[in-house]
Amino acid sequence: IVYQSNGELTERIDAANQLFLLTFRKNTSEAAEYVDFMLAASNSANYPIGWVNGNYGKGVLAFLKGQFEEALIAYDQAIFDAQKTDIDPMKIWSAKASVYLVTGRLDTAITLYQKAIVHFDSTNNYREGLRATNNLAVIYSRSDRYQRALEMYQQCYEIAQTLEDSI
């Protein structure tokens with residue numbers, strides 16, 4: 001309701017971001033509408049947080065469509081814009097690492113995931129750390145580094161137990 005209201009533009013942008021996060025897995029065309037709104041409205045409102053979230057969303061949608069270079073460009077823009085906010089860009093860096101993972105640029109993906117894990121541990125963001133650790137384990141497994149993959153999966157299990165995450 002806030003997104004469609006005549007209320008404060010920044011509140012509408014933030015609401016559009018929440019709607020994007022709820023819909024991007026189910027309905028990419030609807031999610032794209034939220035991204036377009038976030039970017040256009042953020043330009044009108046000069047709202048850097050909206051730029052970060054809008055470009056992150058643009059990157060997510062490009063990734064889901066297999067448009068990996070476009071995803072990297074959008075993620076880079078989101079990282080750049082994050083410097084103007086208090087948004088932690090490490091989640092975006094981790095998303096960027098996922099592009100490198102699926103495109104076979106494993107050394108770059110490993111480097112980014114390792115930095116993400118250290119960062120997420122230091123900020124107690126264990127949920128994001130779990131994702132990064134799991135993705136790193138996938139890379140090691142695909143690279144036939146099974147012992148290292150097993151170690152990473154064990155770390156995932158321990159983090160998941162701490163989070164009481166049964167999935």
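1. Residues are numbered from 1 along each chain as its sequence is written, and side-chain values use heavy atoms, with hydrogens and water left out. Because the model is predicted, local features need pLDDT of at least 70 and side-chain atom pairs count only at pLDDT 80 or more, while totals for chains, interfaces and linings use all residues.

2. Helix H2 covers residues 28-45; helices are DSSP runs of H or I with at least four residues, numbered from the N terminus. Its 18 residues should span 26 Å at 1.5 Å a residue, and the 25 Å between its end C-alpha atoms agrees with this. The expected span is 1.5 Å times one less than the number of residues. Asparagine 46, with a positive phi near 50°, follows H2.

3. The axes of H1 and H3, lines fitted to C-alpha atoms over the stretch in contact, come within 10 Å and cross at roughly 25°. H1 is therefore roughly parallel to H3, a term for angles under 35 degrees.

4. In H1, Ile13, Asp14, Asn17 and Phe20 meet residues of H3 including Ile49, Asn53 and Leu61, where contact means heavy atoms within 4.5 Å. The residues of this contact comprise 5 nonpolar, 4 polar and 1 charged; Ala, Val, Leu, Ile, Met, Phe, Trp, Tyr, Cys and Pro count as nonpolar, Asp, Glu, Lys and Arg as charged, and the others, Gly among them, as polar.

How values were computed:
Helices (H or I, at least four residues) and strands (E, at least two) are DSSP runs, numbered from the N terminus. Axes are lines fitted to C-alpha atoms, for helices over the stretch in contact, and angles run from 0 to 180 degrees between N-to-C directions. Angles under 35 degrees count as roughly parallel, over 145 as roughly antiparallel, 65 to 115 as roughly perpendicular and the rest as oblique.
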